[in-house]
Amino acid sequence: MNEPPRLPETSFAAWSRDRLAVARRGADECGDVWQLDSGVYVAATAGPCEAVLRHAQDFPKAPSPLFPPLKRRSSGAPTPEERARAHAARMRGLRPQAVAARIGEIAPSAARFADQWPTGQDVDVLPPVRHALAEIGVHYLFSEDAPTLLPFASRLFLAREVLVRPSRWVWPRWMPTPARRFRTRQQVAFTDALRPIVRRRRSSGRLGDDMLGQMLRPSPRYGLLPEEAILDTLPGITVATFETPSRAAGWILLHLARYPQAAGRVAAEAALLPADPAATTSTHLDRLQYTQALVREVLRLHPPSWLLTRRATRQTQLAGYTIDAGSTVLVCPYTAHRDAREHSEPDQFQPERWLDDSCSRAKPGVFLSFGTGPHGCEGAALAMAMLTLLTAQTARRYHLSEPPGPEPSYQVTTFEGLTTVGLRLRATLRS
């Protein structure tokens, strides 16, 4: 039986500040797969990462505990089959073709973010970025009802952040800790605000062309989704539309400041966008080829979800090693993206690599910022559209620079998240 190289004994509670350094050392020194602790393995390079994510039957994704279905005293709680149907229904509204049809709704908020950036002063970047992306994401999901739901979505985000703060203790999931009670209160408030919207749309017959409208349409096979199944599936995706893209946007704006020549190329592309952002179409978005390459390259170097968790359902082989049933396998896009066998000069920022035919996006393991396989990010097309337009509109208007002082650092804000900390930038108008 093959055993992977083993790193020093540790636990995730202790593995915080040095996580990325340890992960990188593991990939460089220990090979494709290495053992972090008893029953905990890391897939560190492109091939094993792709294999784990593709083989969902052997390495399934655990249900997210962040926004579990609300407990209900009535018998109206949705069944697992109804929840699966609700998930499939919301996917219809997030397909690439659905996103492409609504680019004209996404672009104005991206332009408004750039217009409102105060010039000549150092700005704490992440809060206004998060607000702008929340406006885009919530509007994409709920259209004209977005203003009603946006405050509740912001409090859901806060509840998530409180819930995933590092703690010395790992509490059983059934224990009602203060963070979990706060999460439940915000989830109930969001659901209570959404319920009358669902009922109004159904009673009026005006279901809408947004993602919620897609979920309200009857399926030819199953008919209407139960109301509770719709309500249960929406808190998580609502937060996801802006939480992860906000982390990514911080890294992207930092690279615009650090690489002015690349920012200039983005600005030149963005100059060809329509003067009226609402007139932007998917054709305009497709023409932003260098901008998309820059976004993709930043996501390669700094994947906002840098560590993905899977659990082996049976004894299986991974890169020649035997993984026992019940073992935790951590997929690390951060190290996979810096695999020198897949990317030349993997630590260098080179957006041009994504314009070169030799760097195929379809090659297994080359780009995992949105995951892959059955559990790949369902909002990948929406996230790329949001980030590309935000990048283009910002570079079109401004030169960004870093103020004097300490460099921004990274912080693991959630179990899988990686974000900039202390990111302040200054904008000056382009001539």
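Visitor: What should I know about the model and its numbering before I start?
Guide: The model is predicted, and local features need pLDDT of at least 70, side-chain atom pairs count only at pLDDT 80 or more, while totals for chains, interfaces and linings use all residues. Residues are numbered from 1 along each chain as its sequence is written, and side-chain values use heavy atoms, with hydrogens and water left out.

Visitor: How many residues does helix α13 have, and what is its reach?
Guide: Helix α13, residues 289–301, has 13 residues and reaches 18 Å from its first C-alpha to its last, close to the 18 Å expected at 1.5 Å a residue; helices here are DSSP runs (H or I, at least four residues), numbered from the N terminus, and the expected span is 1.5 Å times one less than the number of residues.

Visitor: Is α13 mostly covered or exposed?
Guide: It is mostly covered, since 12 of the 13 residues of α13 are buried, where buried means under 20% relative accessible area, exposed over 50% and partly exposed in between, with a 1.4 Å probe and protein chains only. Among the buried ones are Tyr-290, Arg-296 and Leu-301.

Visitor: Which helices do those buried residues pack against?
Guide: They pack against α10 (227–258), α11 (260–270), α12 (282–287), α14 (333–336) and α15 (380–397).

Visitor: New topic: where is Ser-143?
Guide: Ser-143 lies in the loop between α6 (126–142) and α7 (146–163), and has a positive phi of about 50° although it is not a glycine. Most residues other than glycine have a negative phi.

Visitor: And is Glu-345 buried or exposed?
Guide: Glu-345, in the loop between α14 and α15, counts as exposed because its relative accessibility is 51%.

Key
Helix = DSSP H or I, 4+ residues; strand = E, 2+ residues; numbered from the N terminus. Contact = heavy atoms within 4.5 Å.
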